[in-house]
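Hi there,

Here is the structure I promised to pass on. My notes follow below it.

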Amino acid sequence: MSELDDFRAETRAWLEANCPQSRRGAFRGFSTFNYWGGRKAEFQDEDQKVWFERMRDKGWTVPEWPVEYGGAGLDKHRAGILQQELRRIQAQPPLQSLGIWMLGPALLHFGTPEQKAEHLPKIARGEIRWAQGYSEPGAGSDLASLSTKGELKDGQWVINGSKIWTTNGDKCDMIFALVRTEPDAPKHQGISFILVDMDQPGVTTKPITLINGDAPFVQTFFDNATAPEGNVVGPRGKGWDVTKYLLGHEREMIGSSMTNSVTETVSSVAKAKLGADGLKADPSLRMAIANHEIESWVLGIAVERLKDMGKAKQFSQFAPSVLKLMGTELNYRRGELLMSISGFDAVNDLFSEPVHSYLHAPANCIAGGSNEVQLNILSKRALGLPEL
């Protein structure tokens, strides 16, 4: 038996012994039913707390991060085995976190030793919940037009302006924000990436209610909010470089969420709901489900290829845009198919998984840079097509 076989056997045994039964089964996506950590965090039940703490203590909330930052230091092969074994038992994620998906990779790449030591372990342990402060009311798709400004006074950044579509900003502790610190610099320059504590009088939020009744986004206001001078990640005025790196991770995360968060395939839902006879009676639905399964399989391969390219330091600046397009469009069709399969039964429960997926899918197509923006990036920068 190889070392990897030993690791798989040990991992399988540990998960069987330590993952509570209630933490296995259908995943509710990025909902409030999952654990997001932070100073204001509350567990849904004792099993959720036990599952999180056991995974945290193993360093498996961020299995590939270095041990000194709260990870387990697993290599690519062992991290892949861990994910396979988690999916095998349909284990729900112990911790959801923008800090893990976006800020952490940016800090590992651009952060100072002090910033890494301060923030990464707290992200891994779920002690701080992070929000993203990019879009503004006047600068959404054209992000470089942002106007939130920061002035350095007596060793502190004094920040004024507003961010919008801040995911769960009213529940977060800190925000990584793009702030214009050099107002006379060209549009894509003079922007700094600053870490701001949201628990201060100068930061307030206002919820934005969506069509499904959820309010996962807020508008965030900065009114003479402050941040230490040392909270700039990367060089001052070069936040656009940090942003491009981070957005690549965000788009990769959104696109790949179809492969690492879905615990039930559409075909398994259809079989359970309609049975073999029901599926036989609807050939068009069968074809749609088959196409969806094939495209899901292709997306999974694309995600694995992108991970391998990253490990080999062969970064593609356009791959995250492709992945984001593929994943969110696939997720959109998944929502439509689940509604077709469930019919009126789903409508009777607005909190059911089919309804939630169907209504939330359009937001995924907008988040992280709308799909139309991704198409423009690919057409102009990757293919070199002229603007019309």
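Which residues do ring pairs link into a cluster? They are Trp-130, Tyr-134, Phe-176 and Phe-193, where rings of Phe, Tyr and Trp (its six-membered ring) pair if their centres lie within 6.5 Å.

Before the rest, a word on the basis. This is a predicted model, in which local features need pLDDT of at least 70 and side-chain atom pairs count only at pLDDT 80 or more, while totals for chains, interfaces and linings use all residues. Residues are numbered from 1 along each chain as its sequence is written, and side-chain values use heavy atoms, leaving out hydrogens and water.

There are 10 aromatic pairs in the structure. One of them, Tyr-35 with Phe-43, is stacked, at 4.2 Å centre to centre and 15 degrees between the planes (stacked is under 30 degrees, edge-to-face over 60, tilted the rest). Phe-43 also pairs with Phe-52, and that pair is tilted because the centres are 6.0 Å apart and the planes at 40 degrees. Tyr-35 is buried at 7% relative accessible area and Phe-52 at 3%, whereas Phe-43 is partly exposed at 29% (buried is under 20%, exposed over 50%, partly exposed in between, with a 1.4 Å probe and protein chains only).

As for cysteines, Cys-19 is buried at 3% relative accessibility, and Cys-172 is buried at 2%. The structure holds zero disulfides (pairs of cysteine sulfur atoms within 2.5 Å).

Enjoy exploring!
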